[in-house]
Amino acid sequence: MELDLELSALAVQEGLSAPMVWRLLQHPVARRRAAVWRRDLTEEQIEEIIALGSARSLAANRWVPASTKARLAEHPEPAVRCAAAASATNEPPGLLARLADDPEPLVRSFLTMNEHLPTELMTRLAEDPNSSVREWIPQHCRNAPEVVRRALFTDSEPGVRGAALVHWSPAPDLLPALLADPLTRAAAARRSPPTPELASDPDPRVRSAVAAHPELPAVLRDLLAEDPDVLVRNEIACRADTPPALRELLTSTLTTEDPAESFLLAHRSHTCRAPAAAPPVLTEEQAEALLARAGL
């Protein structure tokens, strides 16, 4: 495993000689890493990567020639087309439109990740017959035009409306209907000004949303600090504006026998791992020694 990691790091090191890159392409882990990240792959190396079965990794490489990307967008394996859909430019013209018509819904979903996606295709995907495609749009198209946002906020599928609420704020005229719908009320509560009605809603998910609202007034914060639901109280305990004495009191009450609740409590407040250190740049002699250890 350690050897695989070292080869993977070497595979993306800049300034490698072409013969050394060729040798790395014979190792599966190094080949996949090189296929995704190297900017200097030659046409012959690209053909070798495809022949060795790493077309999916290559399709994710934004620096391969447009002709290669177009070819991979027609690949028989949907996973390869997915990778191409997420990273292709519109070269040759019409390539993104062809991907928007791909028969595989997951390919069309991956197209929503594409930073080159034009508004007209985003609008088309917002009307996609497969709801999973429509659900991907809010997560990846943060600058979607209002026409797309309104289409998804009023979508027939609650999952699509909920996805839109996670990432966007609805226009004021759309919020009442989203709050009135039991299937989207909790998500809409996060986008609505906190009110006593929402803070006393029978659904604990709605009360949790209110408890986490950045504009929660102190009177509702103190009310929700006495909520019978442990997850609601935890949201109050996690607030930066909760007085230390109240937080200490709440923390002592955050116990539950429910495994699902225990998991959520454990993962609500966490610290991010420190970023991994960059791998060392190997000299030619060190790289040769590593390739020799791998038998390459």
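This is a short walk through a predicted model, from its overall build to a few single residues.

Start with the whole chain. The protein has 22 helices and 0 strands. Its radius of gyration is 25 Å, whereas a compact globule of 296 residues would come out near 19 Å. Along the principal axes, the C-alpha atoms fill a box of roughly 70 × 45 × 30 Å. Take the contacts between residues at least 6 apart in sequence: 40% of them join residues at least 24 apart.

Now the surface. The protein exposes about 16000 Å². Carbon and sulfur atoms supply 56% of that area. Buried residues make up 43% of the 296 residues. As for charge, there are 31 positive and 42 negative side chains. The centres of these two sets lie 1 Å apart.

The largest nonpolar core holds 80 residues. Within this core, Leu58 and Ile137 touch the most other members. The element that gives the most to the core is α7, with 5 residues. Leu58 is worth a look on screen.

Next, follow α7, which spans residues 78–87. Of its 10 residues, 7 are buried, so α7 is largely enclosed by the rest of the structure. The buried ones are Val80, Arg81, Cys82, Ala83, Ala84, Ala85 and Ser87. What do they pack against? Their partners are α5 (55–59), α6 (66–72), α8 and α9 (105–111).

Check the backbone here. The peptide bond from Glu91 to Pro92 is cis, with omega near -5 degrees. Most peptide bonds are trans.

Finish towards the end of the chain. Helix α22 covers residues 284–293, and Glu285 is found in this helix. Is Glu285 buried or exposed? Its relative accessible area is 58%, and the cut-off for exposed is over 50%. Glu285 therefore counts as exposed. From Glu285 to Leu296 is 11 residues in sequence. In space, the two are 14 Å apart, C-alpha to C-alpha.

Note on methods: Residues are numbered from 1 along each chain as its sequence is written. Side-chain values use heavy atoms; hydrogens and water are left out. Helices (H or I, at least four residues) and strands (E, at least two) are DSSP runs, numbered from the N terminus. A nonpolar core is a set of buried Ala, Val, Leu, Ile, Met, Phe, Trp, Tyr and Cys residues joined through side-chain atoms within 4.5 Å. Buried means under 20% relative accessible area, exposed over 50%, partly exposed in between (1.4 Å probe, protein chains only). Contact means heavy atoms within 4.5 Å. The radius of gyration is taken over C-alpha atoms; the globule rule is 2.2 Å times the number of residues to the power 0.38. Accessible areas come from the Shrake-Rupley method with a 1.4 Å probe; for residues, only the protein chains shown count as cover. Lys and Arg count as positive and Asp and Glu as negative; His and the chain ends are not counted. The place of a charge is taken as NZ of Lys, CZ of Arg, CG of Asp or CD of Glu.
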